[in-house]
Amino acid sequence: MYDFDEIIDRRHTNAMNTDGFRDYIFHADDTMTFPYKDEEFIRMWVADMEFATPDVVIDGMRRRLDKRIFGYTRVFGSEYYNAFSAWCRRRYGWDFPQEQLVMSNGIIPALYELVDYITQPQEQVLFLTPSYAYFKYAADFNARPCVCCDLKDQDGYYTVDFADLAAKAADPRTTLFILCNPHNPTGRVWRREELEQMARIIQDNDLWVISDEIHCDLLRRDQTHIPLGKVMPDYEKLVTCMAPSKTFNLAGMMISNVIIRSPELRRRWLSRHYNFDNPLSIAAAQSAYEAGEPWLEALRAYLDGNFSFTAQYLARELPHAKFRVSEATYLAWVDLSAYFAPDEQLPLFFAYEAGVLLEGGNMFVQNSDGFIRLNLACPRAILEEGLRRICQAVNTRHTGKYLGPA
Ligand code: LCS
């Protein structure tokens with residue numbers, strides 16, 4: 001019914017994925033050359049998908065196109081709220097009042113603003129590492145220091161070092177904790193007990209918390225997402241971010257949901273935020289929440305298949321790689337430290353030696369040396385070719401070297 005094996009040509013669409021990699025991954029311009037033509041790369045980097053957005057979403061945009069006028073637009077009334085809140089109730093058993101919902105042209109811009117609105121200069125922002133780098137950039141942008149709490153890696157299963165988190169949260173300079181729930185890049189779905197422990201630390205230290213739940217719809221089928229808001233039902237200093245962008249491959253539409261409990265923070269947001277939304281994006285997001293669920297369930301099944309395929313492939317071809325299927329996201333987090341020195345520029349190695357674009361190492365702030373992150377949201381045939389090239393490049397380089405027991 002849905003064809004996730006279809007290979008779609010993304011050239012000439014101004015896609016970051018195809019045209020923006022030199023700048024984003026390598027901080028280079030068009031003069032940077034590779035032994036591969038751009039169209040020969042297997043692209044497993046930025047977190048968008050190689051799958052078409054569902055037809056119901058495109059139909060929603062088409063209905064809006066047919067209205068023919070695209071003047072200044074904002075989410076008014078209850079239709080959008082009804083669609084999105086019903087989604088949260090249905091899927092997460094979680095609810096929030098309409099007045100708490102504000103819109104943003106993306107979660108990154110929301111993080112940049114929220115750090116400004118919430119913290120004072122000298123106050124510091126706490127998050128778990130490895131981390132999606134924009135948590136750090138949001139602090140840097142506002143000239144706020146960061147404090148990082150390294151996750152513990154137990155055979156590829158990441159857990160929170162609660163003693164360290166509690167100590168860093170207790171520092172009086174720490175006033176904001178940004179939680180990635182579920183976690184990019186490790187793919188962890190935080191269990192209820194873990195969220196409860198984090199909640200206690202947040203409460204004990206009276207911290208603000210932003211729970212970035214952008215990946216919450218994309219879980220393996222045996223996993224369940226718990227919004228932090230459900231664990232902290234009465235905590236006012238909580239902001240929750242969710243979006244249709246990852247779920248339905250709509251990142252370029254730039255629409256996301258920010259749920260702000262504190263009336264004071266909401267007032268600050270509404271007085272300073274440039275509050276307009278794209279009319280096509282509203283139509284896309286609303287249609288997705290109203291009618292996109294069957295497609296999402298099929299997508300999740302396909303992604304589960306891509307993860308098991310990857311696990312089998314790596315176990316067979318790269319026995320010293322450590323990999324555990326991510327509980328959430330379409331991102332695989334692979335430990336190649338048996339094969340590479342900690343300071344190796346892994347994205348550069350794989351671009352030159354394998355013709356694969358991926359992210360890795362210090363692109364995830366810290367506690368990430370020797371790791372690569374592979375975007376598995378692509379047709380199986382592309383995934384297979386990407387893995388083949390990655391394994392071949394690593395094995396070619398290491399022919400004859402003893403790497404220790406698998
Ligand atoms: N928050 C997290 C945790 C993300 O992983 C991403 C996208 C965003 C926010 C971006 O939100 P937006 O502004 O698009 O609404 N993650 C990406 C990544 O890991 N690579 O490319 C994008």
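Good morning. I begin with Arg91 and Glu293, whose side chains meet in a salt bridge at 2.7 Å, N to O; the term denotes a side-chain nitrogen of Lys or Arg within 4 Å of a carboxyl oxygen of Asp or Glu. This pair links distant parts of the chain, with Arg91 in helix 4 (residues 79-92) and Glu293 in helix 12 (residues 293-317), 202 residues apart. Helices (H or I, at least four residues) and strands (E, at least two) are DSSP runs numbered from the N terminus.

The model is predicted: local features need pLDDT of at least 70, side-chain atom pairs count only at pLDDT 80 or more, and totals for chains, interfaces and linings use all residues. Residues are numbered from 1 along each chain as its sequence is written, and side-chain values use heavy atoms, leaving out hydrogens and water.

Both Arg91 and Glu293 are buried, where buried means under 20% relative accessible area, exposed over 50%, and partly exposed in between (1.4 Å probe, protein chains only). A network of salt bridges links Arg90, Arg91, Glu293, Glu297 and Arg300.

How many salt bridges does the structure hold? The number is 30.

Asp48 lies in the loop between strand 1 (42-43) and helix 3 (55-65), and Arg10 in the segment before helix 1 (16-19), so the pair ties together parts 38 residues apart in sequence. Asp48 is buried at 14% relative accessibility, and Arg10 is buried at 15%.

Finally, Asp95 forms a salt bridge with Arg89, their closest N and O atoms being 3.1 Å apart. Here Asp95 is partly exposed at 43%, and Arg89 is partly exposed at 41%.
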